[in-house]
Amino acid sequence: METKAVSGAMRWLYAAVGLVVLLFAGFVYGWSVFAAPIGADFPQWSAAELSLTFTICMAFFCLGGFAAGNLSKRIPVRANVLFSAALFLVGFFLVSRANSLPMLYVSYGVLCGTASGFAYNSVMSTMTKWFPNNQGLISGVLLMGFGSSSMVLGALFDAMTPAETGAWRQTFLIMGVVMAVVIGVGSLFFRLPPPAAPTQGAQSAGGPDIPPARMVRTPSFWCFFLWAVLISGIGLAVISQAKPFASQVGPGVDAGVITLVVGFISICNGLGRVLFGGLFDKLGWKLTMTAVNVVSLAGVLILMAALFTHSFPLVVAGFIVTGLGYGGAPTMGSAVISSFFGQKNYPVNFSISNMNLLVASFAGTAAGALYDASQSYVSTLVALAVCSVVAFAVMLCIRRPK
């Protein structure tokens with residue numbers, strides 16, 4: 001009994017450490033904050049060339065997670081997290097010295113993206129084993145840290161970076177050292193639970209242990225993958241156009257207020273992850289995914305109403321609701337993959353599922369292209385509403401593997 005009590009107490013300590021590690025690992029998602037001072041120093045680099053940095057980062061985030069999942073059976077999980085810390089240190093150091101696009105692509109895109117993927121997969125795959133009966137809730141809590149990082153640490157980056165030319169270099173160097181120390185120390189707290197830790201209910205809570213090769217041959221996986229692409233794409237599209245959209249609806253609103261309102265998306269993204277994670281544990285996957293669909297569609301419809309009525313309060317409401325819906329996709333990814341395909345192959349299966357983020361990352365570009373073609377956000381919002389309806393139809397095709 002004493003051993004179980006110790007294990008129960010320790011798992012919450014591990015969860016707290018995991019939350020902090022993912023908060024720092026998600027720092028790479030603040031690219032839109034970092035791109036402004038970098039672009040000001042290199043005006044010859046186009047917006048598209050700078051945006052490619054984040055696309056590369058997302059690609060290597062997915063590849064890093066896949067590599068970490070495959071290595072998890074061969075090396076201790078703390079070694080994966082420690083490797084992530086080292087990559088962040090090297091990557092951010094090289095960013096602080098970058099004077100060319102290729103160097104920026106390699107340092108921020110390849111190294112930091114890979115580092116983030118290693119930390120993300122290692123923390124999530126370890127902590128879900130410590131909470132076998134609360135897969136949704138623990139996924140939501142941990143992903144809240146990851147999803148809130150761009151706002152929390154992005155604001156810190158802004159506060160640390162003076163307006164002078166090149167000041168961002170020193171900030172990247174400092175942040176690289178801080179991240180390496182925090183994630184490196186955090187790595188010491190990650191270990192798999194003892195074999196006796198899972199309860200009798202844990203086995204029934206998880207699905208059959210399905211290996212990756214078999215998982216990718218199931219229609220349920222691809223239906224879920226497409227659902228996640230659509231739901232994440234809606235959130236990413238709104239995020240990419242949030243500031244200009246809010247400025248267009250409220251042309252007289254102060255720029256600082258608009259920046260604050262746009263930040264609501266990140267806050268509600270984090271809250272949505274906890275909300276839908278808890279619902280998953282109580283209501284199951286089908287009702288929770290239905291709720292995510294409803295919230296995502298509601299967010300788009302509210303933004304459409306804001307555009308037609310020129311109501312800034314509706315913009316605020318739309319950003320809040322859209323952020324909540326966007327938070328549902330990654331939480332469902334963690335919980336559903338564990339529930340449907342089991343824990344034994346979870347690190348690799350989860351990393352494969354996360355590839356949906358790479359596809360979804362192009363939603364922002366598509367949203368911008370629709371606006372450029374029509375000079376109106378109506379076409380963009382209609383497209384997002386259609387995506388939400390399609391996501392619901394796809395969800396109806398998902399069946400739990402047997």
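**Helix packing, aromatic pairs and a nonpolar surface patch**

Phe83 is found in helix α4, and in this predicted model the residue is partly exposed, with a relative accessible area of 41%. Although Phe83 and Ala180 are 97 residues apart along the chain, their C-alpha atoms are separated by 9.5 Å.

Ser84 has its place in helix α4, which comprises residues 77–96, and Ser84 is buried, since its relative accessible area is 0% and the limit for a buried residue is under 20%. When its neighbours within four places in sequence are left aside, Ser84 is in contact with Ala115, Phe118, Ala119 and Ile183. Asn80 is likewise placed in helix α4 and counts as buried, at 2% relative accessibility. Not counting residues up to four places away in sequence, Asn80 touches Ala68, Leu71, Ser72, Ile75, Phe118 and Ser122.

Helix α3, residues 47–71, has 25 residues and reaches 36 Å from its first C-alpha to its last, which is close to the 36 Å expected at 1.5 Å a residue.

Aromatic side chains were considered next. A pair of aromatic rings is described by the distance of the centres and the angle of the planes. The structure holds 24 aromatic pairs. In one of these, the ring centres of Tyr108 and Phe172 lie 6.5 Å apart and the planes stand at 90°, so the pair is classed as edge-to-face, a term that applies to planes over 60 degrees apart. Because Tyr108 lies in helix α5 (residues 101–130) and Phe172 in helix α7 (residues 167–187), the pair ties together parts that are 64 residues apart in sequence. Tyr108 is buried, with a relative accessible area of 0%, and Phe172 also counts as buried, at 0% relative accessibility.

A second pair is formed by Phe245 and Tyr377, whose ring centres are 5.4 Å apart and whose planes meet at 75°, so that this pair, too, is edge-to-face. The pair links distant parts of the chain, with Phe245 in helix α10 (residues 219–249) and Tyr377 in the loop between α16 (363–374) and α17 (378–395), 132 residues apart. Phe245 is buried, with a relative accessible area of 5%, and Tyr377 is buried as well, with a value of 3%.

On the surface, a nonpolar patch is formed by Met10, Leu13, Leu89, Val90, Val177, Val181, Val185, Leu188 and Phe189, which together have about 710 Å² of accessible area. The elements that give two or more residues to this patch are α1 (2–25), α4 and α7, and the largest share, three residues, comes from α7. Val185, a member of the patch, lies in helix α7 and is partly exposed, with a relative accessible area of 43%. Helix α7 therefore carries both the buried Phe172 and the partly exposed Val185.

Technical notes:
Residues are numbered from 1 along each chain as its sequence is written. This is a predicted model: local features need pLDDT of at least 70, side-chain atom pairs count only at pLDDT 80 or more; totals for chains, interfaces and linings use all residues. Side-chain values use heavy atoms; hydrogens and water are left out. Rings of Phe, Tyr and Trp (its six-membered ring) pair if their centres lie within 6.5 Å; planes under 30 degrees apart count as stacked, over 60 as edge-to-face and the rest as tilted. Helices (H or I, at least four residues) and strands (E, at least two) are DSSP runs, numbered from the N terminus. Buried means under 20% relative accessible area, exposed over 50%, partly exposed in between (1.4 Å probe, protein chains only). Contact means heavy atoms within 4.5 Å. The expected span of a helix is 1.5 Å times one less than its number of residues. Patches are made of residues with over 30% relative accessible area and no salt bridge: like charges are joined within 9 Å, nonpolar side chains (Val, Leu, Ile, Met, Phe, Trp, Tyr) within 5 Å. Accessible areas come from the Shrake-Rupley method with a 1.4 Å probe; for residues, only the protein chains shown count as cover. A salt bridge is a side-chain nitrogen of Lys or Arg within 4 Å of a carboxyl oxygen of Asp or Glu.
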